Amino acid sequence: GGTAMAKEKHKEILNVSHRGASGYAPEHTISSYQMGKKMHGDYIEIDLQMTKDGTLIAMHDEALDRTTNGTGLVKDFTLDQIKQLDAGNWFNEKYPQYANPDYLGLKVPTLEEVFQKFGKNASYYIETKSPEVYPGMEKELLRLVNEYDINKKSLLVQSFSPLSLLTMNELDPSVKLVQLLSYKANAAITDVEISAIKEYAIGVGPNHTYLNQEYVQKVVNSGLEIHPYTVNDKETMNKLIDWGVTGMFTNFPDRLHEVKKGK
Ligand code: G3P
Ligand code: CA
């Protein structure tokens with residue numbers, strides 16, 4: 001409900017396809033990213049790990065085990081070795097209701113392949129994962145962003161590590177940054193924390209679990225964006241929009257699209 005202006009505002013809420021449309025397709029595969037776009041996701045969310053030979057790949061975990069048929073740490077394998085793995089079969093086994101034979105044999109994509117596939121004007125929301133394990137990953141990310149001439153207006157780089165974001169900021173202050181936050185109980189943020197984050201980031205990404213309206217309002221009124229993760233049910237999506245969030249990460253971008261339409 002609300003005024004015409006409020007209605008317009010709801011339409012601008014960023015719909016971030018978390019690991020692609022990862023509720024419906026194996027996370028961090030080209031298929032999952034394509035489905036995210038089809039389901040009206042505005043941004044493709046990409047987690048980064050780095051291979052033994054220094055290639056950035058799209059994967060959430062430091063280990064291969066959960067999302068491929070491999071075992072061990074990404075950092076101990078070359079890209080060639082990781083390219084032998086199947087990144088889709090696990091999904092069919094775990095989620096028979098969404099299983100699709102097309103997912104069999106999907107490969108782990110490199111960041112470069114994702115840029116090649118979706119192009120410079122797609123919107124990417126890229127997370128530097130475990131930056132302490134992968135020294136130099138920020139520089140390599142930036143090298144690819146520049147090589148593929150990625151539109152920086154629709155690029156966001158996110159991390160739980162303030163140090164990684166400060167490194168990005170130092171290397172290229174024109175890249176927009178989001179500080180991820182994880183709360184284990186009632187979320188609260190001080191003015192000092194907000195000021196510190198505003199030094200380098202345009203927004204924060206807290207887990208939605210322990211959020212409250214006061215928190216959301218405080219962050220928004222400070223001029224920061226707020227994109228909670230990972231919101232998969234419509235009831236919570238509705239609540240967060242009413243509280244004033246400016247976007248959210250979801251494994252089900254179609255659901256967020258419908259919730260936004262109903263506002
Ligand atoms: O990047 C937002 C959210 O994805 C952070 O948590 O563990 O799913 O990467 P995680
Ligand atoms: Ca992430």
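Ala 187 is buried, since 20 other C-beta atoms lie within 10 Å. This is a predicted model. Ala 187 sits in the loop that runs from β6 (176-181) to α8 (191-198). Its contacts, apart from neighbours within four places in sequence, are Pro 206, Tyr 210, Leu 211, Asn 212 and Tyr 215. Leu 165 is 22 residues from Ala 187 in sequence, and the two C-alpha atoms are 22 Å apart in space.

The loop between β6 and α8 also holds Thr 190. Is Thr 190 buried or exposed? Thr 190 counts as exposed, because it has 9 C-beta neighbours inside 10 Å. Thr 190 and Lys 218 are 28 residues apart in sequence, with 9.1 Å between their C-alpha atoms.

**The whole chain**

The protein chain has 11 helices and 9 strands. Its radius of gyration is 18 Å, close to the 18 Å that the globule rule gives for 263 residues, so the chain is as compact as a globular protein of that length. Along the principal axes, the C-alpha atoms fill a box of roughly 55 × 45 × 35 Å. Of the 263 residues, 41% count as buried. Among contacts with a separation of 6 or more, 58% join residues 24 or more positions apart.

**Strand β1 and its partners**

Strand β1 covers residues 14-17. Which way do β1 and β9 run? They run parallel, joined by 4 bridges. Strand β9 spans residues 247-250. Val 16 has Phe 249 as its bridge partner in β9. β1 also pairs with β2, in the parallel sense, over 2 bridges. There, the bridge partner of Val 16 is Tyr 43.

In general, most residues other than glycine have a negative phi. Arg 19 has a positive phi, near 60°. Arg 19 lies in the loop between β1 and α2 (30-38). Arg 19 counts as buried because it has 26 C-beta neighbours inside 10 Å.

His 40 also has a positive phi, near 75°. The loop between α2 and β2 (43-50) holds His 40.

**Helices and their packing**

Helix α2 has Ser 31, Ser 32, Tyr 33, Met 35 and Gly 36 as its buried residues. These pack against β1, β2, α5 and α11 (253-261).

Helix α5 covers residues 111-118, and its buried residues are Leu 111, Val 114 and Phe 115. Seen down the axis of α5, they fall within an arc of 100°, so they line one face of the helix. What do they pack against? The partners are α2, β2, β3 (56-58) and α6 (137-147).

Helix α9 spans residues 213-221, with Tyr 215, Val 216 and Val 219 buried. These cover an arc of only 95° around the axis, which puts them on the same side of α9. On the other side, Gln 213 and Asn 221 are exposed. The buried residues of α9 pack against α8, β7 (203-206), β8 (225-226) and α10 (234-243). Tyr 215 is also one of the residues in contact with Ala 187.

|---|---|---|
| α2 | His 40 | near 75° |
| α5 | Gly 119 | near 85° |
| α9 | Gly 223 | near 95° |

**Around ligand 1**

Which residues are around ligand 1? They are His 18, Asp 47, His 60, Glu 127, Gln 158, Leu 180, Gly 205, Tyr 229, Thr 230 and Phe 249. By class, this shell divides into 3 nonpolar, 5 polar and 2 charged residues.

Note on methods. Residues are numbered from 1 along each chain as its sequence is written. Chains are lettered from A and ligands numbered from 1 in the order in which they are written. This is a predicted model: local features need pLDDT of at least 70, side-chain atom pairs count only at pLDDT 80 or more; totals for chains, interfaces and linings use all residues. The radius of gyration is taken over C-alpha atoms; the globule rule is 2.2 Å times the number of residues to the power 0.38. A residue is buried if 20 or more other C-beta atoms lie within 10 Å of its own, exposed if 12 or fewer, and partly exposed in between; C-beta atoms are placed from the backbone. Two residues are in contact if their C-beta atoms, placed from the backbone, lie within 7 Å. A residue is near a molecule or strand if its C-beta atom, placed from the backbone, lies within 6 Å of it. Ala, Val, Leu, Ile, Met, Phe, Trp, Tyr, Cys and Pro count as nonpolar, Asp, Glu, Lys and Arg as charged, and the others, Gly among them, as polar. Two strands pair if DSSP finds at least two bridges between them. The arc is that of the directions from the helix axis to the C-beta atoms.
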